[in-house]
Amino acid sequence: MTDTATLEPATANAPITLTDRAAKQIASILKGEEEGTVLRVAVQGGGCSGFQYGFTLDDTRSDDDLVLEKNGVTVLIDNVSVSYLAGSEIDYVDDLIGSAFKINNPNATASCGCGTSFSM
């Protein structure tokens, strides 16, 4: 059995995956939210390395969103962000320095120390 759910985005060459740990944490976050609320992951300009990852709760789905579903949770990624995230793994880490969602992005050529911003 594989550790990730995989969907092939129409505009990217490699799938974006979601780990079991990330799905479990998303479910925990969404537990107190209204029905239909999902996690949206986006790439935005900014951060100390040029781009940064954004995580927001959303209840609106666009026709061109990539939809990742795993273990009963849904993650949306807008069409523009999909190309920056192609081949990435969305994970959740809990270690000595804190807990956070972590995106393992093979497209990033450099990233900041905290891992929330990157350059390509």
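Modeller: Let's start with a term. A pocket is an open set of grid points with protein on both sides within 12 Å along at least five of seven lines, and its volume is the space filled by probe spheres set on those points. Please keep in mind that this is a predicted model.

Colleague: Thanks! How much space lies in the second largest pocket?

Modeller: Let's see what surrounds that space before we give its volume. The lining consists of A27, L30, E33, E34, E35, G36, T37, V38, G72, V73 and T74. The space in this second largest pocket comes to about 210 Å³.

Colleague: Which elements give two or more residues to that lining?

Modeller: The lining list includes A27 and L30, and also V73 and T74. By class, the lining holds 4 nonpolar, 4 polar and 3 charged residues. The elements that supply two or more lining residues are α1 (20-30) and β6 (73-77).

Colleague: Now the whole chain. How many helices and strands does the protein chain have?

Modeller: Reading from the N terminus, the elements come in the order β-β-α-β-β-β-β-α-β-β-β-β. In total, the protein chain has 2 helices and 10 strands.

Colleague: Let's go to the strands. Which residue in β8 stands opposite I90?

Modeller: I90 is in β7, where it stands opposite L18, and β7 pairs with β2 (residues 16-19) in the parallel sense over 2 bridges. Strand β7 also runs antiparallel to β8 (residues 98-104), with 7 bridges joining the two. A hairpin through 2 residues links β7 to β8. In β8, the residue opposite I90 is I103.

Colleague: Which residue in β8 is the bridge partner of E89?

Modeller: Strand β7 covers residues 89-95, so we stay with the antiparallel pair of β7 and β8. The bridge partner of E89 there is N104.

Colleague: What about β5: which residues make up its uncovered face?

Modeller: β5 pairs with β6 in the antiparallel sense over 5 bridges, and one of the facing pairs is E69 opposite T74. The covered face of β5 has L66, L68 and K70. Its uncovered face has V67 and E69.

Colleague: Which residue in the turn between β5 and β6 has a positive phi?

Modeller: Most residues other than glycine have a negative phi. The hairpin has 2 residues between its strands, and the one with the positive phi is N71.

Colleague: Is N71 buried or exposed?

Modeller: N71 lies in the loop between β5 and β6. Exposed means over 50% relative accessible area. With a relative accessible area of 57%, N71 is exposed.

Colleague: And is D65 buried or exposed?

Modeller: D65 is in the loop between β4 (51-58) and β5 (66-70). Buried means under 20% relative accessible area. Because its relative accessibility is 10%, D65 counts as buried.

Colleague: Which residue's side chain joins that of D65 in a polar contact of 2.7 Å?

Modeller: D65 touches R40, T60, L76, I77 and D78, leaving out residues up to four places away in sequence. Its side chain also reaches the backbone nitrogen of S62 at 2.9 Å. The side-chain partner in the polar contact of 2.7 Å is R40.

Colleague: How far apart are the C-alpha atoms of N79 and D65?

Modeller: N79 is found in helix α2 (residues 79-85), and at 31% relative accessibility N79 counts as partly exposed. N79 and D65 are 14 residues apart along the chain. Their C-alpha atoms are separated by 5.5 Å.

Colleague: One last question: how far apart in space are F55 and V75, C-alpha to C-alpha?

Modeller: F55 lies in strand β4 and counts as partly exposed, at 33% relative accessibility. Beyond its neighbours within four places in sequence, F55 is in contact with L39, R40, V41, F101 and I103. F55 and V75 are 20 residues apart in sequence, and their C-alpha distance is 9.9 Å.

Note on methods. Residues numbered from 1 in each chain as written. Predicted model: local features only at pLDDT ≥ 70, side-chain atom pairs only at ≥ 80, totals over all residues. Heavy atoms only, no water. 1 Å grid on protein atoms, 1.4 Å probe; cavity = no way out; pocket = protein on both sides within 12 Å on 5 of 7 lines; lining within 4 Å. Helix = DSSP H or I, 4+ residues; strand = E, 2+ residues; numbered from the N terminus. Nonpolar A, V, L, I, M, F, W, Y, C, P; charged D, E, K, R; others polar. Pairing = 2+ DSSP bridges. Buried < 20%, exposed > 50% of the residue type's maximum accessible area, 1.4 Å probe, protein only. Polar contact = N/O pair within 3.5 Å; in protein donor to acceptor, adjacent residues only side chain to side chain. Contact = heavy atoms within 4.5 Å.
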